[in-house]
Amino acid sequence: MSNPNEESEVLDRIILSTPKKWNVVFYNDDKTPVDFVIAVLIEQYNHSIEKAKEITLSIHEKGKGIAGTYYLEIAEQKCNETIKFARKEGFPLQVDIEKLK
């Protein structure tokens, strides 16, 4: 047992780091129209029409493309909102998040 008269020293270390960011990723499919993907990228991700077309081409050619990069909670929200909107419009667009490397 420790002596109550002895002073004990407690060292606490708090390590702070910048929150990690996550990519919102769209995946290619054969049913979601290109025009719909471009519209979503413009309206929900605030891309210019040129950037939206560039991302859409990447999705088509590479099988996936990054719609945006955000902190975790925002990325999750964007992902969920995009999926909900796509389903409402009758499209099977697949969207997920990936940790930025």
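The face of helix α3 turned away from its buried side carries Glu73, Asn80, Lys84 and Lys88, which are exposed (over 50% relative accessible area, with buried meaning under 20% and partly exposed in between; 1.4 Å probe, protein chains only). Helices here are DSSP runs of H or I with at least four residues, and strands are runs of E with at least two, numbered from the N terminus. The model is a predicted one, in which local features need pLDDT of at least 70 and side-chain atom pairs count only at pLDDT 80 or more, while totals for chains, interfaces and linings use all residues. Residues are numbered from 1 along each chain as its sequence is written, and side-chain values use heavy atoms, leaving out hydrogens and water.

On the buried side of α3 are Ala75, Lys78, Cys79, Thr82 and Ala86. Seen down the axis, the buried residues of α3 fall within an arc of 100° and so line one face of the helix, the arc being that of the directions from the helix axis to the C-beta atoms. Their cover includes β1 (21-27), α1 (34-43), β2 (64-71) and β3 (94-99). After α3 comes Gly90, with a positive phi near 85°.

Two loop residues complete the picture. Asn46, in the loop between α1 and α2 (49-62), has a positive phi of about 60° although it is not a glycine. Asn46 counts as exposed because its relative accessibility is 66%. Lys31 lies in the loop between β1 and α1 and is likewise exposed, at 64% relative accessible area. Leaving aside residues up to four places away in sequence, Lys31 touches Phe91 and Pro92, where contact means heavy atoms within 4.5 Å.
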